[in-house]
Amino acid sequence: MRRLAPRVRIVLKESNPFAISDMLDKDEIELGVASMRPGPRWQHQRTLREMGFRCVYDPRQLPFKGDVTLAQYVAVPHLLVSYRGAIEGPTDAVLAGLGLRREVRYTTPRFSSVPGVLGASAIVATVPEVLADRWAAAGLLASSAVPVTLERFTVSMGWHARRDDDAALHWLMDVIEDVARAVP
């Protein structure tokens, strides 16, 4: 951003997929980036990328060899990232369909807290693959395929239709789209 527009300022606000529509409608934000559900008619969206999930854990706490097996996955406690404080998610529905369940011992509303919690506990988290890949590349956590098939999800940008003619916003969306394409 500094190279492309040295004087541009970006202000990030905490949000989640459940709050973005309301924040856009109230002009609290100009652009939301998340796994967004279809919103009201005035909410426009542009897809950035599709992604899946991976398991992450601290190998000092859980010395698994290779990918986490289904037996290992259900035998250890889990950390669940939930914006609403839920103790079950889509993974639990998939496991229930197999006659299995996992123990969600911790929840957090922030993905940024995952490495710290996993570094201090013998626990597993299932997170978007892009985060798992970054944490593994940084040497913070080990990353494994999830031992069940989970539905992939789409990350999109959303904005209010009243900003359709906002050239600066569309320029920013183009930059974000380029960055999203460049991330493996």
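## Overall architecture

The protein in this predicted model contains six helices and eight strands, and, read from the N terminus, these elements follow one another in the order α-β-β-β-α-β-α-β-α-β-α-β-β-α. Taken along the principal axes, the box filled by the C-alpha atoms is roughly 55 × 35 × 25 Å.

Of the 184 residues of the protein, 39% count as buried. When contacts between residues at least 6 apart in sequence are considered, 72% of them join residues that are at least 24 apart.

## Surface and charge

The accessible surface of the protein amounts to about 11000 Å², and carbon and sulfur atoms account for 53% of that area. The charged side chains comprise 23 positive and 21 negative ones, with the centres of the two sets lying 5 Å apart.

A nonpolar patch on the surface is formed by Met 1, Leu 4, Val 8, Ile 10, Leu 12 and Trp 171, which together have about 590 Å² of accessible area. One of these patch residues, Val 8, is found in the segment before α1, the helix that spans residues 20–25. Val 8 has a relative accessibility of 39% and therefore counts as partly exposed.

Leaving aside residues up to four places away in sequence, His 78 touches Tyr 73, Arg 102, Glu 103, Val 104, Arg 105, Tyr 106, Ile 123 and Val 124.

Two of the residues that His 78 touches, Glu 103 and Arg 105, form a salt bridge with each other, in which the closest N and O atoms are 3.0 Å apart.

## Helix α5 and its surroundings

Helix α5 runs through residues 129–137, and within this helix Glu 129, Val 130, Ala 132 and Trp 135 are buried. The buried residues of α5 pack against strands β2 (43–51), β3 (53–57), β6 (124–128) and β7 (142–144), and also against helix α4 (114–119). Just after α5, Gly 139 adopts a positive phi of about 75°.

Glu 129 also takes part in a salt bridge with Arg 152, the closest N and O atoms of the pair being 3.7 Å apart. Because Arg 152 lies in the loop between β7 and β8 while Glu 129 belongs to helix α5, the pair ties together parts that are 23 residues apart in sequence.

## Asp 27 and the salt bridges

The structure holds 14 salt bridges. In general, side chains of opposite charge can pair when their charged atoms come close. The side chains of Asp 27 and Arg 162 meet in such a bridge, with an N to O distance of 3.2 Å. Since Asp 27 lies in the loop between α1 and β1, and Arg 162 in the loop between β8 (153–160) and α6 (167–182), this pair ties together parts that are 135 residues apart in sequence. Both partners count as partly exposed, Asp 27 at 41% relative accessibility and Arg 162 with a relative accessible area of 44%.

The backbone of Asp 27 is also of note, for this residue has a positive phi of about 60° although it is not a glycine. The loop that holds Asp 27 leads from α1 to β1, the latter covering residues 32–34.

Beyond these individual pairs, Arg 46, Asp 174, Glu 177, Asp 178 and Arg 181 are linked in a network of salt bridges.

How values were computed. Residues are numbered from 1 along each chain as its sequence is written. This is a predicted model: local features need pLDDT of at least 70, side-chain atom pairs count only at pLDDT 80 or more; totals for chains, interfaces and linings use all residues. Side-chain values use heavy atoms; hydrogens and water are left out. Helices (H or I, at least four residues) and strands (E, at least two) are DSSP runs, numbered from the N terminus. Buried means under 20% relative accessible area, exposed over 50%, partly exposed in between (1.4 Å probe, protein chains only). Contact means heavy atoms within 4.5 Å. Accessible areas come from the Shrake-Rupley method with a 1.4 Å probe; for residues, only the protein chains shown count as cover. Lys and Arg count as positive and Asp and Glu as negative; His and the chain ends are not counted. The place of a charge is taken as NZ of Lys, CZ of Arg, CG of Asp or CD of Glu. Patches are made of residues with over 30% relative accessible area and no salt bridge: like charges are joined within 9 Å, nonpolar side chains (Val, Leu, Ile, Met, Phe, Trp, Tyr) within 5 Å. A salt bridge is a side-chain nitrogen of Lys or Arg within 4 Å of a carboxyl oxygen of Asp or Glu.
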